[in-house]
Amino acid sequence: MSGPKRRNYAVFASPDFDASEYANAVLAGESYPPQPGSSKTTKLTGLEPAKEDISVAISKLNYGIDDVSKQIKNVVTAHHEDLLEQAAGVGELRGSLQAVQEGLDALDVSLEKLRQKFRYPYQTMQSNVKRLQRLQQVSDVLRRTSRFTTLAKRLQAQMVDLGNDADADDAESRLKASRTKANSGKLDGRRSATPGLDHEGEKERSLAQAALTIAELATPEGLSPADAEPSIARHIPLRFIDAVAVHLPLIESARSKVTAEMEAMILDGLTQANQPLLATSLQTAHNLRLLPDLVHNLVSDLSIAVEARIKSAFDVSQISKVFNAKDSASSSTADSVTAPQWANALWSRLTALIEDMTGACVKVYTLEKVLKLKKDPISQIVFLDEAMKVLESKPSTTFWSALARSLEKQTRDGAKNSTFLQQTLSSGYPKLLRLFHDFFSKIAVHTDTPETVLVLRALSTFEALYLSRTSNKMNESVGQAFQGGARTPPSSPEGLNVARTIANELDAAKFDPLLVRSVARSAKSSLDMLLTRADGLVVRDRTATLLTGPAATPHQVQNLSLATFLYHCATRMGALQEEHSSDVYAILRPSVVEMVATYGRIVSPILAAIKSETSAIIAKLHRESARSADPLSDMAGSSTYVKELTEKLAFIKGEILSAYIVRHVLRVFVLHVSIVKPLDETRKLRLTGDMTELEFTLGAFLSEGGGGKSNRGSGGFDAAAAGSEYRALRALRPLLFLDTAHLAELDSATTTGLPPLVVLHHILVRAPIPLPHTLHGWQAAEYVRWVEEHSEEEALTLIEGGLTHWEKTCELEGSDPADTYLSLARNVLANAKA
């Protein structure tokens with residue numbers, strides 16, 4: 001069909017074409033399909049409207065019918081061969097479909113036969129299976145009923161053994177008595193540590209067996225899980241069976257009785273710390289399937305009881321109520337009059353709290369120990385593992401956490417809300433800590449690892465307040481020592497006061513290693529502040545070391561006062577090393593060492609000035625004339641330098657120091673005397689007189705300076721104060737007149753106390769051999785200073801080198817080497833090195 005003809009028949013070819021509507025549209029003279037906006041919309045677009053006359057429309061329809069018929073005829077004529085072939089194929093297809101239909105009918109017949117073969121036997125089997133299940137249920141009910149009645153009779157016999165006469169009223173009265181006894185915690189005479197212990201153990205075993213029987217009877221099916229038949233999908237409850245219902249009151253009464261007995265035994269076991277009794281009672285609880293909940297409730301009850309006691313102990317309002325009850329005129333807060341009484345009441349309550357905490361803690365540890373050791377004899381399940389099904393952590397951990405949490409809360413709130421509580425426990429924190437140390441020592445026998453850290457952390461509020469008060473007290477003592485400033489610098493009393501304050505605070509905290517270290521750290525801060533303030537008062541200009549006299553300069557007085565202050569403080573602080581552990585003193589050691597170093601930096605300049613002045617004066621003996629015109633006058637008085645030295649020492653003693661330089665003066669004097677050359681008889685007599693005068697001068701110096709009174713030599717000289725230097729001075733006098741042959745005998749009575757260096761000097765003075773300072777071109781004072789700054793070995797090496805040089809020189813020049821003196825010197829060197 002061509003394109004124009006298709007467009008003419010487009011209205012009729014539309015899937016939505018309706019002949020009735022088309023006829024109505026033609027009769028009504030309307031277009032078809034209806035245009036937009038009309039009462040009926042159409043989905044077709046682009047079609048010609050059907051609005052025309054009826055006759056014209058009918059003629060067009062007739063024409064169209066004829067045209068379509070003609071076109072169909074043309075198509076059939078053109079394709080008649082194909083159409084005939086398709087018609088023949090339809091016939092063959094009808095035969096095939098007939099065969100298929102016959103096969104389907106045969107299949108239906110076979111299926112019906114199979115249905116008849118399997119369906120009816122299955123229905124019969126299903127009915128029989130249901131009958132069998134009902135028979136099994138009936139058999140199971142009968143078996144369980146028989147088992148139930150057997151267990152009930154066994155329980156009745158067990159309760160008779162336990163003393164139960166099965167009377168309900170009597171059982172109830174005994175149950176109440178048992179609960180009252182369990183709550184009171186008093187011991188039952190039947191469970192005492194007496195010869196009746198065997199009977200008591202038999203009863204406890206019977207109680208555990210009764211508990212196991214009750215647990216079997218109390219299961220939903222009346223059987224333990226091990227006896228249940230897995231093939232039975234659902235168990236019929238037995239409580240509605242008359243043979244079972246008659247035993248239910250007995251079971252409930254027995255359960256109440258056994259539970260009450262078990263609770264009383266547990267309380268008795270915890271109170272007495274009786275582990276066998278506690279183990280038996282826990283076995284009963286395990287048999288009753290109550291062990292996890294029972295342990296949880298016990299730990300919770302103990303934790304709640306301890307929390308209540310802690311809250312009561314730190315509740316100041318309760319202390320106020322006690323005093324108000326005694327005296328209605330009493331104030332609700334502590335004042336200066338009632339504060340001691342309130343403090344005593346508080347410490348009494350805390351002491352009682354420690355006792356209660358100890359008892360509760362011992363109970364928890366006893367319970368946990370038994371749970372850890374006890375196993376079920378049948379399943380071998382450890383009771384602690386069974387209890388952990390309900391508990392989040394071990395009983396001891398749970399209890400300690402609750403105790404520490406409550407203690408921390410009450411101490412924090414108490415310190416915040418009560419000034420009295422804050423002051424009392426912060427100032428008496430060592431006493432509070434001692435109470436907890438007693439607590440730890442009491443529970444230490446029950447555990448290896450008490451949770452002390454949790455408790456001490458809970459007391460951190462009062463510890464911080466105590467450390468703050470301690471630090472303030474030590475800082476105040478330092479501040480009082482320096483409150484006079486440079487006008488009144490601190491001295492020995494202030495130093496002793498600071499050291500005493502620090503020592504007292506350390507002694508107060510000595511019982512606790514952690515606390516004493518914290519106090520030591522505060523003490524170190526105070527000592528560091530002391531050193532900073534002391535260093536700011538030290539004078540370092542020339543006036544602090546000037547020794548011109550006639551009186552000490554103000555700066556010297558200030559420095560020496562500071563040195564005395566630091567010396568006495570450091571001495572007392574150094575004694576703490578013997579009183580405290582090495583860990584504690586290690587905290588203080590840097591400050592003490594720095595204090596000694598500061599003392600040394602103050603004293604060293606003035607000591608150096610004193611040494612320089614006295615050495616210069618003593619060195620003047622080399623410029624004294626060997627003899628005068630009148631020998632008697634030489635023996636009558638002392639030399640000028642000795643008089644000058646006496647005056648200088650008097651000035652130093654009275655104005656600068658009292659007993660620091662005696663040894664230095666003696667050592668330098670002996671060294672200078674040992675190198676005096678030439679040394680004739682007159683010079684020896686003069687030196688002997690000088691020694692006597694010097695000995696008396698130094699003796700008076702020491703005695704007036706407060707030296708010791710023991711071991712005094714002639715002239716009141718304190719030999720112990722001067723030590724080896726004084727012995728060297730005493731031995732030097734006979735050395736001057738000793739025969740040359742005996743000079744090498746260092747162990748003889750005449751040379752005892754003399755250093756080998758002095759003996760060597762004297763040998764060289766008598767010999768033609770030059771002294772070391774002469775050989776090297778030094779002044780006598782320079783050589784003595786060198787000896788003081790170097791060791792004795794180095795000085796002996798220097799002399800030995802001088803002897804070697806002398807031997808080589810004599811060998812080259814061919815002169816007399818003075819073999820006698822060389823041999824003496826070599827012997828002294830050999831003895832000194834031996």
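A salt bridge is a side-chain nitrogen of Lys or Arg within 4 Å of a carboxyl oxygen of Asp or Glu. Arg-572 and Glu-579 make one of these, with their closest N and O atoms 3.4 Å apart. Keep in mind that this is a predicted model, where local features need pLDDT of at least 70, side-chain atom pairs count only at pLDDT 80 or more, and totals for chains, interfaces and linings use all residues. Residues are numbered from 1 along each chain as its sequence is written, and side-chain values use heavy atoms, with hydrogens and water left out.

**Charged pairs**

Side chains of opposite charge can pair when their charged atoms come close. The structure holds 18 salt bridges, including these:

| Pair | Closest N to O distance |
|---|---|
| Asp-528 and Lys-524 | 3.1 Å |
| Arg-572 and Glu-579 | 3.4 Å |

Helices here are DSSP runs (H or I, at least four residues), numbered from the N terminus. Asp-528 and Lys-524 are another story: they are 4 residues apart in helix H21 (residues 513-537), or about one helical turn. An α-helix has 3.6 residues a turn, so residues three or four places apart point the same way.

How open are these side chains? Buried means under 20% relative accessible area, exposed over 50%, and partly exposed in between (1.4 Å probe, protein chains only). Asp-528 is partly exposed at 30%, and Lys-524 is partly exposed at 25%. Arg-572 also counts as partly exposed, at 26%, as does Glu-579 at 29%.

Salt bridges can also join up: Glu-695, Arg-730 and Arg-733 are linked in a network of them.

**A bent helix**

Now look at helix H24 (residues 582-618), which spans only 47 Å between its end C-alpha atoms, while a straight helix of 37 residues would span 54 Å. That expected span is 1.5 Å times one less than the number of residues. H24 has a kink of about 45 degrees at Leu-588, shortly before the proline Pro-590. The bend is the angle between axes fitted to the seven residues ending there and the seven starting there.

pLDDT is the predictor's confidence in each residue, from 0 to 100. The chain averages 78, and 80% of the residues score at least 70. Confidence is highest in H21, at a mean of 92, and lowest in helix H6 (residues 168-184), at 43. Over residues 164-200, pLDDT stays under 50. Where pLDDT is low, the predicted coordinates should not be read in detail.

Key: Helices (H or I, at least four residues) and strands (E, at least two) are DSSP runs, numbered from the N terminus. Contact means heavy atoms within 4.5 Å.
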